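I am opening my notebook on a structure that is new to me. Come along while I look things up.

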Amino acid sequence: MNPRLNQLQPYPFQRLRDLFAGVTPNPELAPINLSIGEPKHATPAFIRAALTDALDGLANYPITQGGESLRKAIAGWCENRYGVRLDPATQILPVNGSREALFAFAQAAIDPSRHVKRVISPNPFYQIYEGAALLAGAKPYFLNTRPENGYRMDFGLVPEDMWADVQLVYVCSPGNPTGKVMALAEWRELFDLAERHHFVIASDECYSEIYFEEEALAEGGAGAPRSGDATPESGAATASQPLLTSRISGGGPPLGALTAAKQLGRDFTRLIVFNSLSKRSNVPGLRSGFVAGDAEVIRQFLLYRTYHGSAMNPAIQAASTAAWQDEAHVVENRRQYREKFAAVMPVLKDVLEFDAPDAAFYLWAKVPRSPRWNDDAEFARELYREKHVTVLPGSYLAREVTGVNPGKGFVRIALVDSLAPCVEAANRIIDFVNR
Ligand SMILES: Cc1ncc(COP(=O)(O)O)c(C=O)c1O
């Protein structure tokens, strides 16, 4: 077997199961699980109907490139959302969820003939980036994202002589778990570096549609870029400040890589964006997303995928086409998240320290000091035992770099359940901390 498989780390949820082994949660309380980033709002009926109406498609092998109607629907969505025109024939590829694409992409993008191969990833991060790099024979290089630096990836920390070995940089905006949205100035820096050092940018934007203000607050409309000046201030809302956009000015949809490239007068060379219906349309089981950007990179990725055998099921293509063409359900989806954040954040602020996220559905909260727990994992375990609430220890989402695990001392709280259980969980957390 491939010895690189031994380099793969246990997945955070496996570690959580191990952490909870032998622990009996309080039997008087119903379980509330805020650990996994699985959307739980209802799948819209029209998406279900589009899926079942298209079952005739099961009689044919789908092509790896996906049908034209789906690629056109995605191109139309990209034009509305990102303000960019993409050629559905060459610049868009449907994928079976962004996870498989983020993984497969490294296998296609990394040149194995180079002696040292580096992949840069944020830290904490979505674990697929690391596994993708390792199985492609590359070494991940992690950049810690911390509250002190506004959760930015500080590319200035990459040793100058390492850049020649960097082939791929993963970025995640809005970030999981920090909720940080990359600002225009950060994109500019990254594009400049990619041009200078010839690496490919894989921009994971699967949370891009979970944001808190429908319209941009200042000049510009939907899709308008936010300010380039992210600041690390605390996210406490005040009367003069919008509740949920305290770290960046603007409001409206988060700036994505394609819009940023356009704003900066660049083309999409060496840039690939990954997006997904899972969070946007509450269909994590559909396994549907897309990649978009550099036509030459996509041509080669398509070649890889033809052999990999990852064509999208025709019924799923039909459901996805319908989903990308509708925004009303996404607006409603955001309304539900907004309602939950508005209800939960002021409650939790009393006992946990966190910044309001720019976007996405996570709270990335500091674990308070207490003699009852030593670290984030013990906090999560005792919370589970006493209050039957599950949150994810932040250290499970990060790696130790130069003696620091930037997830240590944090927990990730996913506001995925409906309003009442989220509020109930927040109240239980207060009781738990204040006991
Ligand atoms: C940061 C990030 N990227 C990608 C994914 C994969 O999503 P999907 O494969 O459902 O598109 C997830 C899922 O939780 C995620 O958190």
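**Contacts and overall build**

I began with the contacts in the protein that have a separation of 6 or more: 76% of them are between residues 24 or more positions apart. Two residues count as in contact if their C-beta atoms, placed from the backbone, lie within 7 Å.

I noted that this is a predicted model, where local features need pLDDT of at least 70, side-chain atom pairs count only at pLDDT 80 or more, and totals for chains, interfaces and linings use all residues. Residue numbers start from 1 along each chain as its sequence is written.

Next I looked up the elements and found 13 helices and 13 strands; these are DSSP runs numbered from the N terminus, with helices (H or I) of at least four residues and strands (E) of at least two. The radius of gyration is 21 Å, close to the 22 Å from the globule rule for 435 residues, so the protein is as compact as a globular protein of that length. That radius is taken over C-alpha atoms, and the rule is 2.2 Å times the number of residues to the power 0.38. I also saw that the C-alpha atoms fill a box of roughly 60 × 55 × 50 Å along the principal axes.

I then followed an open sheet of 4 strands, ordered β9-β10-β13-β12 with antiparallel pairing. Strands pair if DSSP finds at least two bridges between them. The edge strands, β9 (353-354) and β12 (392-393), each pair on one side only. I traced 2 bridges from β12 to the antiparallel β13 (residues 410-414), and found L392 opposite R412 in β13.
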